[in-house]
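Subject: Structure handover

Hello,

Here is the structure I said I would pass on. Please open it alongside this note and follow the residue numbers as you read.

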Amino acid sequence: MSIETHKETLGFQTEVKQLLQLMIHSLYSNQEIFLRELVSNASDAIDNLRFQAIARPELLEGQGEPRIRISTDKDAGTVTIEDNGIGMSRDEVVANLGTIARSGTAELLRGMTGEQKKDSQLIGQFGVGFYSSFIVADRVEVFTRRAGLAAGEGVHWSSTGEGEFEVASIDKAEPGTRIVLHLKEGAGEFADDWRLRGIIKRYADHIGAAIEMPRQAADEAGEDDNAGTGWESVNDASALWTRPRNEIGDDEYRAFYQHIAHDFEDPLAWSHNKVEGNLEYTSLLYVPGRAGFDLYHRDANHGLKLYVQRVFITDRADQFLPNYLRFVRGVVDSGDLSLNVSREILQNSPAVASMKTALTRRVLDMLAKLATDDTDKYAKFWAQFGEVLKEGPAEDAGNREKIAALFRFASTHDDSGKPSVSLADYLGRMHDGQDKIYYLVGESHTQLRNNPHLEVFRKKGVEVLLLSDRIDEWMMGYLQEFDGKGFVDVGRGDLDLGKLDSSEDKARQEEIAKASEGLVERIKGALGEQVSQVRVSHRLTESPAVLAVGEHDIGAQMRHLLEASGQAVPESKPVFEFNPEHPLIQRLDREAAGERFDALSHILFEQASLAAGHGLKDPAGYVGRLNKLLIELAG
C-alpha cells in the first residue's frame with residue numbers, strides 16, 4: 001500500500017453538506033442509479049483523455065485500450081469502479097469533490113422538497129452524480145492521478161459524507177481513477193456480481209469504452225478453462241449513434257440520452273440521422289423533458305457532444321445549433337473535420353456552417369412533428385422551453401416562419417390562460433375580411449384578459465393573442481408577419497380594424513370624433529405634459545378611457561426589461577383615448593373648465609394607467625383627488 005503524505009482534513013462546501021444529507025437519507029427512490037452515474041463519469045474521463053492525447057500522445061502512458069473495470073468484494077462489502085481516463089490532480093480533487101463548482105447550486109437546493117422522485121430528477125439536472133455514491137455507501141474512497149503527472153502525485157480522497165473529507169498524496173503507478181464504495185448495511189445486494197451486470201446492461205450498454213468485470217466461474221461442464229481469471233467485457237462497447245436505426249430500440253435511445261445529459265427523465269423526442277454525400281456526418285439529437293438550471297445563464301456552456309471519426313473532441317460544441325436551440329442535447333460525429341479541430345476552426349468552417357443549417361432544420365422538424373403527434377408532450381416542451389424558442393425570430397431570419405409555427409399563445413378564445421393557441425389555429429378562426437393577426441402585450445394574463453383594449457374585439461368576436469412572457473414585446477419586433485398576415489399590437493397606435501369595420505361604423509366614428517373636438521382640447525389642456533396626444537377611442541365599448549402606446553414608442557414591458565438591465569430608456573408619453581358615449585365622459589363634458597374638471601380628467605387618466613398595468617407616478621395625489629371627489633358626492 002502506498003504511504004500517504006501531505007494529509008489534511010477539509011470541510012465540504014455548505015451546499016455539499018446539505019446535498020449529502022439528502023443523499024444519505026435515501027433521496028433517490030432508485031438506488032441502483034449510483035452505478036450509472038459513476039460509470040458515466042468514468043466514460044467522460046476516458047473521452048477527455050483521448051481528446052487531450054491527440055495533441056499530447058504521451059498522456060496515454062501505454063495504458064492500452066480505454067476501459068472501465070468494476071469489481072465487488074462480498075466479504076468486505078465493497079464495490080470498486082476503476083477507469084484509465086484522464087484522472088485528477090490534488091487541486092482538481094478538492095475542487096471537484098469538495099464543492100459543487102457550478103452556479104445554480106442554491107436553486108438546486110431550493111427546488112428540493114423531499115419527494116424522492118422529484119428530487120432525484122433535480123440531482124441529474126444539476127450534474128452532481130458523484131455524490132449519488134452516498135446513497136448506497138457510508139464511506140467512499142477515491143484513488144486518482146492525472147495523466148501526465150508523476151506517479152508520486154497520486155491523490156487519495158475519502159469521506160463518510162458527514163461534513164468533512166480527507167485528502168492525501170500517494171504513489172499511484174497508473175493514471176486514472178479508482179472509486180471504492182464501502183456499502184451501507186442493507187445495501188449488500190450491490191456487492192453481487194450478477195446484480196451489477198444487470199444494471200450495466202440496462203443503463204450503460206451503449207458506452208463506447210469497454211466495461212469489464214471479473215470473468216465468471218466455469219459452468220458445471222467446466223468448458224471454460226480460462227474462467228475465474230482475468231476480465232471480460234459486459235457491454236457492447238459500441239457507439240450507439242454509429243449503429244443503424246432499425247437495430248436500436250427506444251429503451252436504448254432513452255438510456256443513451258440519460259447518459260449524455262446526466263438526466264433522470266426520458267427525452268420528449270429524438271432524431272437519429274446519417275448524412276452522406278458532400279458532407280458525411282451522423283447526428284443524434286434529443287429534446288429534453290425539462291430545462292437545465294443554467295438555461296438562462298449567460299456564461300453557461302451549451303452545445304452538442306462532438307466526435308470526429310468516433311474520437312471525442314468536446315462535450316459543449318455550440319457551433320452546430322443556434323443559441324435559441326441551446327436546450328437540445330445530443331451527439332454529432334463528423335468524418336469531414338480534422339482531429340486537431342479548434343474552436344476557431346469550428347467557427348469559420350464552411351462544413352460546420354452547412355451542418356448547422358441542416359441540424360437546425362432537423363430540430364425544427366422534430367418539434368413540429370412532436371406538436372402534431374403528441375399535444376400533451378408538446379405542451380410540456382413549451383412550458384419548459386417556450387421562452388427560449390421565442391429568441392428564434394431575432395436570431396434566425398431564414399427559419400422565422402417555421403419557428404413562429406411552433407409558438408403557442410394564450411388568447412381570448414380560451415379563458416383558461418393556457419398557451420395552447422398556435423398561429424395556424426388563429427388563422428383558421430379569422431373572420432371574413434380580417435387580414436391582420438391581433439395581439440396585446442402585458443405583464444400577466446390576469447392583467448391582459450380584462451384589459452380595456454380588448455373591448456371592441458370582444459364586441460366583434462375577433463380573437464386576440466395575449467402575450468405576457470417577458471420576452472414577448474422584444475420578440476414581436478422581429479416577427480412582422482406569418483403566412484402573409486401582418487401582426488398588429490392592439491395597445492399601440494391608432495387602431496384601424498380595416499374591413500372589420502363597416503362603412504357605417506367608420507362614418508359614425510368620424511361623426512363622434514368631430515363632435516368631441518372641443519372636449520379633446522379641454523382634456524389635453526388639463527393633462528398637459530403627461531400625455532403626447534388626446535383622441536376619441538375606437539377601442540372602447542365599456543370603459544371610459546384607455547392609454548395607448550405611440551406607434552414608435554417603447555412599450556411598458558420592453559421598458560421594464562431595458563431598465564432592469566441598466567440601460568437608459570428614452571422617455572415616452574402615452575396617448576389618452578376616451579369613450580364619448582360613457583356616462584363619466586359625458587359628465588366630464590358637462591363640467592365647466594376649472595379645478596374640478598382638471599381633477600376629474602386626472603382621475604380618469606390615472607384609472608386608465610392602472611387598468612393598463614402601468615402603475616401611478618403619484619399614488620398619493622390620486623388618492624387625494626379621489627377622496628375629495630367622494631366627499632363632494634357624499635355631501
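Below is what I found, taken by topic.

One caution before the details: this is a predicted model.

**The five-stranded sheet**

Five strands make up an open sheet with mixed pairing. Their order is β15-β17-β16-β19-β18. β15 (410-411) and β18 (481-482) are the edge strands. Each has a single partner strand, so one side of each lacks a neighbour in the sheet.

**The β12-β13 hairpin**

Strand β12 (residues 304-308) and strand β13 (residues 311-317) are also antiparallel, with four bridges between them. L306 has T314 in β13 as its bridge partner. Two residues separate the strands of this hairpin. Q309 adopts a positive phi near 50° there.

R310 is in the loop between β12 and β13 as well. Is R310 buried, partly exposed or exposed? R310 is partly exposed, at a relative accessible area of 39%. Leaving aside residues up to four places away in sequence, R310 touches R50, A237, S238, A239, T242 and D333. Look at G335 too: its C-alpha atom is 8.7 Å from that of R310, and the two residues are 25 apart along the chain.

**Salt bridges**

There are 43 salt bridges in the structure. Here are some to look at.

R36 and E37 pair through their side chains, at 3.4 Å from N to O. Both R36 and E37 are buried.

E265 and K380 form another salt bridge, with the closest N and O atoms 3.4 Å apart. E265 belongs to the loop between α7 (250-261) and β10 (269-275), while K380 belongs to helix α10 (residues 375-389), so this pair ties together parts 115 residues apart in sequence. E265 is buried, with a relative accessible area of 11%. K380 counts as partly exposed, at 38% relative accessibility.

K460 and D501 also form a salt bridge, and here the closest N and O atoms are 3.1 Å apart. K460 is in helix α15 (residues 455-460) and D501 is in the loop between β19 and α17 (503-515), so the pair ties together parts 41 residues apart in sequence. K460 is partly exposed, with a relative accessible area of 26%. D501 counts as buried, at 10% relative accessibility.

**Helices α18 and α21**

How do helix α18 (residues 517-527) and helix α21 (residues 595-611) cross? Their axes come within 9 Å, at an angle of roughly 85°. That value makes α18 roughly perpendicular to α21.

From α18, the contact takes in L519, R522, I523, A526 and L527. From α21, the residues are F597, D598, S601, H602 and F605. Sorted by type, the residues of this contact are six nonpolar, two polar and two charged.

Best wishes

Technical notes:
Residues are numbered from 1 along each chain as its sequence is written. This is a predicted model: local features need pLDDT of at least 70, side-chain atom pairs count only at pLDDT 80 or more; totals for chains, interfaces and linings use all residues. Side-chain values use heavy atoms; hydrogens and water are left out. Two strands pair if DSSP finds at least two bridges between them. A salt bridge is a side-chain nitrogen of Lys or Arg within 4 Å of a carboxyl oxygen of Asp or Glu. Buried means under 20% relative accessible area, exposed over 50%, partly exposed in between (1.4 Å probe, protein chains only). Contact means heavy atoms within 4.5 Å. Axes are lines fitted to C-alpha atoms, for helices over the stretch in contact, and angles run from 0 to 180 degrees between N-to-C directions. Angles under 35 degrees count as roughly parallel, over 145 as roughly antiparallel, 65 to 115 as roughly perpendicular and the rest as oblique. Ala, Val, Leu, Ile, Met, Phe, Trp, Tyr, Cys and Pro count as nonpolar, Asp, Glu, Lys and Arg as charged, and the others, Gly among them, as polar.
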